[in-house]
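Here are my notes for a colleague who is meeting this structure for the first time. Please read them with the model open.

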Amino acid sequence: MAEFRQNNEDSDQQQSSSGGRRPGGGFPSWLLWVVAAIMVGQIFFYFNSNNAREISWSSFKREMLVSQDVDKITVVNKEVAEIYIKKEKLGQGPYASIKPSEAGPHYKFNIGSIESFEKELDEAQQDISPENRIEVEYVNRTNWTGSILAWVLPLVIIIAIWMFILRRMGGGGVGGGAGGNIFDFGKSRAKLFEKGQSNVTFDDVAGLEEVKVEVKEVVDFLKNPSRYTRLGAKIPKGVLLVGPPGTGKTLLARAVAGEASVPFYSISGSEFVEMFVGVGASRVRDLFQKAKQNSPSIIFIDEIDAIGRSRGKAVSLQSNDERENTLNQILTEMDGFGTNTGVIVLAATNRGDILDRALLRPGRFDRQIYLELPTLKERKAIFLVHTKGLKLGNDIDLEVLSAQTPGFSGADIANVCNEAALIAARQDKNAIEMKDFYDATDRIIAGLEKKSKIISEGEKKVIAYHEAGHATASWYLKNADTLLKVSIVPRGRSLGAAWYLPQENVIYNKNQFLDRLCAALGGRAAEDVVFGQVSSGALDDLEKVTKQAYMMVAYYGLNEELGNISFYDSTGQYEQSLHRPYSEATAEKIDEEVRKLVENAYQRTKKLLQDHRTELEALAHLLLQKEVVFQKDLETIFGERPKEEEEVPVSQ
Ligand code: ADP
C-alpha cells in the first residue's frame, strides 16, 4: 500500500518547538560534562590528598611511638589509624623524606578492632609518662566520591541504556516522530498534513466516479457543515474505504487531504500497537485529542484491520489483548465525540470482511464505501492519468492496453506504465512503444523473462505439451477465458504460461466454474495423454483447482450432495476458532465431493484432448519452434472458437 509522503515536521515536533522543549530530549549535554568534570576532580583530589604512607603496627610502635615522635592519632571510621608526626621531627632521621610543611596524616595502618587497638596502644605506652601519652581521636568520615560513584554510576548506566532502547524503538531518535523524545512513546505517531501540504487532488484519482461523489461529500461536510446541520442532519463520524489492495484507497485519502484544506492526520493501523502494553490506547487518545483541538480535521487510519479485526472466540489463544484495548479505545473515542465536532475519521482496509462488527455499527464507521477493481473504462482513465508524464510513441493504443489488463488494480497499471518506460529507456528508445507496454504487462503478470535458464530438451517438450494442453482445453471449452498468447519462455518461477482475457463477470454459474476447472487441468491432462505420465510441473494448477473445487462445494452451494449450504463465514470467526462449523461426516462428504468433482473434470479434459490430439500436437510443435504463440497462430491451428450458444456436454 502506498505510503504517505513523510511530512518534514510532524505534529509532535511542532508541539515541542512551540512549547520550548529541546527537540533532543533528555538533559542538556553541557550539564553532563560539568558533572563528569566534578567527579573526575573529586577522584583526583581524593587520591592525592590521602598520600599517607602505609605502615605496620609493630614498626609504628617500635619506630615512632616509643621514641615519642607521634603528635596525634586519628582513627577514621573505626578502621584506619592516621598518624601525624610532630612537626619538629619531620625532614630528619627516619622522616627525612617528609617535608616539614606537609600537613599529614603522614602514616596510616589498619587497626583491626578498636578494643584490641586501644589495648595494644595502652600496653605500648606503659613506660611513657601519662602527660606524654598519645590520645586517640575518633572521627567518622564519609567518602562522598565513593558513595556518589557507587550510587550514581549504575543509575547513569541504566538511564543511558534505557534512552538508547527507547530511541531505537522510536525509529531513529531525533526527528523520527514521537520516538524522538523518550517520554513520547505514548503519543500518536500520526503524520500531520497541514492545509495545502498534500498536492493530490480528485483529478489524480481516475475512475471511481461514485466513490468520488461520496468522498467529496466528506470534504463538503467539513467545509460547509452548516449546509447539513441547519436541516438537523448529523455529519457522519467515520467513513470506511474497503477494497482490494491498490485500488486507490490511500490515494483517495490523500486527495481528501488535498481538497479539504483542513489538518489531516494520517496513521497506519499497525503503528498503534508496539511492544509496550497500553501504548496503543494511549496513542489513540492522543491522536483524537490533537484532532479535536485542531477541528475541523480528518484522521486517516490506513490498514485499520491491523487493529480492527473481529474479536473472535479464540482470542485467549492469541496474545492480542493489546490490539483489543486499542480497538476499544478507538470505539470509545468515536462514541465520545459528539456529532458535528468537526472531526471525521477515514479508514481504509483490504479486508472489510474481518472487521469487528462494533466498528461498523452506525455512529462509528457509519459510511462504508466499497472500491472495486477498475472496469475497462476506468482502466483506460487510469492509464491516461499515469501516461500523462510519459513520452509515448505513435502506436500506443490505450483502448487495447486497458482491454488486455483485466483484473489489474490502479497500482498495477501505475506499475505497468513505469515499467514500460524503464524497458524503453533500457533500449535507448526515444519514445515508449506498444511493445514495451506488452512486455511490462507480461513482466508484471509473470515476472521477468529468464532466457538464460537452462532447460533440457526433454523438459522443454513436457512444458510445451503442458502449455499446449491448457491452450487446447480452454479453446474448446466455451466458458473458459479467451486465450491471448501461450509462451514457454521461463519467467520468474514459472516455466511456461498461457495468457487469458478473463471475463469480467460478477457471478459465475456451475458450468462456467467447471469449464475453468478443466482449463486449469489441461496441462496435466496433456502430459498424461501424450507421455502416459505426469510431472511435478502442475503444482500451481492443482492448487488453484483444489481451492476452486472446495469453494464450489463448501461455499457456493454448487454441489447436489451437500445441497444449498454454505460454510462461508464473512465474520471471520471460524477462521480464528479452531473448530469447524460442520460435523466429521460432512467434512468427509465435502472431501469426497471435491475429489469427485476434480476427477470428473480431469477425465473430461483428458477426453477433450484425446479428441483434439492433432491440434494439441500442432500447437506443441509450434511452441517448441517459436516459444511464444499469439492468438492468430492459435486460430490457424484450431479454427474458430466454439460460440457461446453451443452447448458443450458437462458431466459431473
Ligand atoms: P490502496 O491504498 O487501495 O492499496 P493506493 O491508493 O495506495 O492503493 O494505490 C497505489 C497507487 O496506485 C497510487 O499511488 C496510484 O499511483 C495508483 N492508483 C490506484 N488507483 C488509482 C486510480 N483510481 N487512479 C489513479 N491512480 C491510481
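1. Start with how the elements are named. Helices are DSSP runs of H or I with at least four residues, strands are runs of E with at least two, and both are numbered from the N terminus. On that basis, Glu-118 is found in helix α4, residues 114-124. Keep in mind that this is a predicted model.

2. Look at the charge around Glu-118. A patch of negative charge on the surface gathers Glu-115, Glu-118, Glu-120, Asp-122 and Glu-123. Glu-118 has a relative accessible area of 35%, so it counts as partly exposed.

3. There is a nonpolar patch on the surface too. Its members are Trp-144, Ile-148, Trp-151, Val-152 and Val-156, and together they have about 560 Å² of accessible area. Ile-148 belongs to helix α5, which covers residues 144-169. Ile-148 is partly exposed, with a relative accessible area of 35%.

4. Turn to the aromatic rings. The structure holds 16 aromatic pairs. One of them joins Phe-109 and Phe-117: the pair is tilted, with 6.1 Å centre to centre and 55° between the planes. Phe-109 is buried at 3% relative accessible area. Phe-117 counts as buried as well, at 3% relative accessibility. Ring pairs also link these two with Trp-57 and Phe-60 into a cluster.

5. Trp-475 and Phe-638 lie 5.3 Å apart, centre to centre, with 25° between the planes. Trp-475 sits in helix α17 (residues 457-476) and Phe-638 in helix α23 (residues 631-638), so the pair ties together parts that are 163 residues apart in sequence. Both Trp-475 and Phe-638 are buried.

6. Now the salt bridges. How many does a search of the whole structure find? The search finds 26 salt bridges. In one of them, the side chains of Arg-141 and Glu-82 meet at 3.2 Å, N to O. This pair links distant parts of the chain, 59 residues apart: Arg-141 is in the loop between β5 (136-139) and α5, and Glu-82 is in strand β3 (residues 80-85). Arg-141 is partly exposed at 43% relative accessibility, whereas Glu-82 is buried at 4%.

7. Another salt bridge stays within a helix. The side chains of Glu-209 and Lys-212 meet at 4.0 Å, N to O. Both residues lie in helix α6 (residues 209-223), 3 residues apart, about one turn of the helix. Glu-209 is partly exposed, with a relative accessible area of 48%. Lys-212 counts as buried, at 9% relative accessibility.

8. Check Asp-442 and Lys-485 next. Their side chains form a salt bridge at 2.3 Å, N to O. Asp-442 lies in helix α16 (residues 434-446) and Lys-485 in strand β12 (residues 482-487), so the pair ties together parts that are 43 residues apart in sequence. Is Asp-442 buried or exposed? Asp-442 is buried, with a relative accessible area of 6%. Lys-485 is buried, with a relative accessible area of 12%.

9. Salt bridges also form a network. Glu-214, Glu-217 and Arg-367 are linked in this way.

10. Finish with a loop residue. Leu-392 is found between α13 (376-386) and α14 (398-403), in the loop. Leu-392 is partly exposed, at a relative accessible area of 31%. Its C-alpha atom is separated by 8.9 Å from that of Ala-421, which is 29 residues apart along the chain.

Key:
Residues are numbered from 1 along each chain as its sequence is written. This is a predicted model: local features need pLDDT of at least 70, side-chain atom pairs count only at pLDDT 80 or more; totals for chains, interfaces and linings use all residues. Side-chain values use heavy atoms; hydrogens and water are left out. Patches are made of residues with over 30% relative accessible area and no salt bridge: like charges are joined within 9 Å, nonpolar side chains (Val, Leu, Ile, Met, Phe, Trp, Tyr) within 5 Å. Accessible areas come from the Shrake-Rupley method with a 1.4 Å probe; for residues, only the protein chains shown count as cover. Lys and Arg count as positive and Asp and Glu as negative; His and the chain ends are not counted. The place of a charge is taken as NZ of Lys, CZ of Arg, CG of Asp or CD of Glu. Buried means under 20% relative accessible area, exposed over 50%, partly exposed in between (1.4 Å probe, protein chains only). Rings of Phe, Tyr and Trp (its six-membered ring) pair if their centres lie within 6.5 Å; planes under 30 degrees apart count as stacked, over 60 as edge-to-face and the rest as tilted.
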